[in-house]
Amino acid sequence: MFVLELTYTAPLDAVDAVLPAHVVWLDEQYAQGVFLASGRKNPRDGGVILAAAADRARIEDIVAGDPFVAAGVCAYRVTEFVATKTAPGLERYRETLG
């Protein structure tokens, strides 16, 4: 599992100009089963995405395709973690320590 933290690197008007394309990209990742939850940070200086993928390389490829990245309006911090405990609806993502 991965926590993707977005930090805006441009003014909000520049972010908002790319937001519709970013939302389409988010929807594509949800449809593929990669993204589990996402939303804006409060205060609105970026966002957070919870994702599941086979490996970090796949997540980094996905992040590189974000229109926010292409437009240069945000930077990503990718944190990988082992989800040993989950809510009941997320049990399929549980992992065991090796």
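V48 is partly exposed, with a relative accessible area of 37% (buried denotes under 20%, exposed over 50%, and partly exposed the range in between, with a 1.4 Å probe and protein chains only). This residue lies in strand β3. Together with V3 and F81, V48 makes a nonpolar surface patch of about 190 Å². Patches consist of residues with over 30% relative accessible area and no salt bridge, like charges being joined within 9 Å and nonpolar side chains (Val, Leu, Ile, Met, Phe, Trp, Tyr) within 5 Å; a salt bridge is a side-chain nitrogen of Lys or Arg within 4 Å of a carboxyl oxygen of Asp or Glu.

The model is predicted, with local features requiring pLDDT of at least 70 and side-chain atom pairs pLDDT 80 or more, whereas totals for chains, interfaces and linings use all residues. Residues are numbered from 1 along each chain as its sequence is written, and side-chain values use heavy atoms, with hydrogens and water left out.

The chain contains three helices and four strands, arranged along the sequence as β-α-β-β-α-α-β. The radius of gyration is 14 Å, close to the 13 Å given by the globule rule for 98 residues, so the chain is as compact as a globular protein of that length (radius over C-alpha atoms; rule, 2.2 Å times the number of residues to the power 0.38). Helices (H or I, at least four residues) and strands (E, at least two) are DSSP runs numbered from the N terminus. The C-alpha trace spans about 45 × 25 × 20 Å along its principal axes. Of the 98 residues, 33% count as buried.

The largest nonpolar core comprises 21 residues, among which L4, F35, I49, I59, F68 and Y76 touch the most other members. At least two residues of this core come from each of β1 (2-8), α1 (12-31), β3 (46-51), α2 (56-64) and β4 (74-80). Such a core is a set of buried Ala, Val, Leu, Ile, Met, Phe, Trp, Tyr and Cys residues joined through side-chain atoms within 4.5 Å.

Neighbours within four places in sequence aside, F35 is in contact with L4, W25, L26, Q29, Y30, I49, L50, A51 and I62 (contact: heavy atoms within 4.5 Å). P67, in helix α3 (residues 67-71), is in contact with V18, A21, H22 and W25, again leaving aside neighbours within four places in sequence. The C-alpha atoms of P67 and V24 are 9.3 Å apart, with 43 residues separating the pair in sequence.

Key
Accessible areas come from the Shrake-Rupley method with a 1.4 Å probe; for residues, only the protein chains shown count as cover.
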